[in-house]
Each structure stands twice: as C-alpha cells, then as structure tokens.
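Please read them with the structure open.

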Amino acid sequence: PDIIGMFKTETGKPLQDMENNDEISAYRVDIDPTQDVLATSKIEIAITIVPFGTAREIVYNIGFAKTLS
C-alpha cells in the first residue's frame, strides 16, 4: 500500500478545505520516503503554506496640480 500517499492525502484534507475557502493561496505536503520509521518510531511531515497577502494599511497620496500631464 502507498502509506506515504495516504499520509499526504490525510494531511492535505484540511489544507485543501482552507484553499477552497480562500483562506490560503496554496500548500504543499512533503514526506521524505527514506525516513527510518522503524528505528525512530516517528514520521516527519513538512507542510508549506502560501498565505494570501493582506493589506493592513492603505495609504492614499492626494495632491493638487495646475494641469494633468
């Protein structure tokens, strides 16, 4: 069975929901297939998220001119 694929799929489900709801722009789930799980009893999963840019401040510059050029 594709255990790494299963972990990627399960890890990605809430992230896919966040992407579908426009909460994040994109994501990636990476799992190193050479991990020695038998020796460490641990699986390391790396998640990379691309957030949406948020304008926390908007500045307008307004001025007067004699003419528009």
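1. Does threonine 11 count as buried or exposed? With a relative accessibility of 18%, threonine 11 counts as buried, because the cut-off for that class is under 20%. This residue is part of helix α1. Setting aside residues up to four places away in sequence, threonine 11 touches Val29, Ile45 and Ile47. Buried residues make up 10% of the 69 residues in the chain.

2. A word on confidence. The model is predicted. The average pLDDT of the chain is 91, and 100% of the residues score at least 70. Confidence is highest in α1, with a mean of 96, and lowest in helix α2 (residues 37-40), with a mean of 93.

3. Next, the layout. The chain has two helices and two strands, and from the N terminus on they follow the order α-β-α-β. The radius of gyration is 22 Å, well over the 11 Å that the globule rule gives for 69 residues, so the chain is more spread out than a compact globule. Along the principal axes, the C-alpha atoms fill a box of roughly 75 × 25 × 20 Å.

4. How are the contacts spread along the sequence? Taking contacts between residues at least 6 apart in sequence, 35% join residues at least 24 apart.

5. Alanine 26 is partly exposed, at 26% relative accessibility. Not counting residues up to four places away in sequence, alanine 26 touches Glu19, Thr48, Ile49 and Val50.

6. Aspartate 22 is exposed, with a relative accessible area of 57%, whereas glutamate 23 is partly exposed, at 48%. Once neighbours within four places in sequence are left aside, glutamate 23 is in contact with Met18 and Phe52. Glutamate 23 and alanine 65 are 42 residues apart along the chain, and their C-alpha atoms are separated by 42 Å.

7. On backbone angles, please look at two residues. Aspartate 22 has a phi near 60°, a positive value in a residue other than glycine. Serine 41 also has a positive phi, of about 60°, although it is not a glycine. Serine 41 is found in the loop between α2 and β2, the latter being residues 45-50. With a relative accessible area of 67%, serine 41 is exposed.

8. The loop between β1 and α2 holds threonine 34. What is the exposure of threonine 34? Its relative accessible area is 65%, and threonine 34 is therefore exposed, as the cut-off for exposed is over 50%. Threonine 34 and isoleucine 47 are 13 residues apart along the chain, with 17 Å between their C-alpha atoms.

9. Last, the surface and the charges. The chain exposes about 6300 Å², and carbon and sulfur atoms supply 55% of that area. The chain carries 6 positive and 11 negative charges, and the mean positions of the two sets are 10 Å apart.

Note on methods:
Residues numbered from 1 in each chain as written. Predicted model: local features only at pLDDT ≥ 70, side-chain atom pairs only at ≥ 80, totals over all residues. Heavy atoms only, no water. Buried < 20%, exposed > 50% of the residue type's maximum accessible area, 1.4 Å probe, protein only. Contact = heavy atoms within 4.5 Å. Helix = DSSP H or I, 4+ residues; strand = E, 2+ residues; numbered from the N terminus. Rg over C-alpha atoms; globule rule 2.2 N^0.38 Å. Areas by Shrake-Rupley, 256 points an atom, 1.4 Å probe, with all protein chains shown as cover. Lys, Arg positive; Asp, Glu negative; His and termini not counted. Charge placed at Lys NZ, Arg CZ, Asp CG, Glu CD. pLDDT = per-residue confidence, 0-100.
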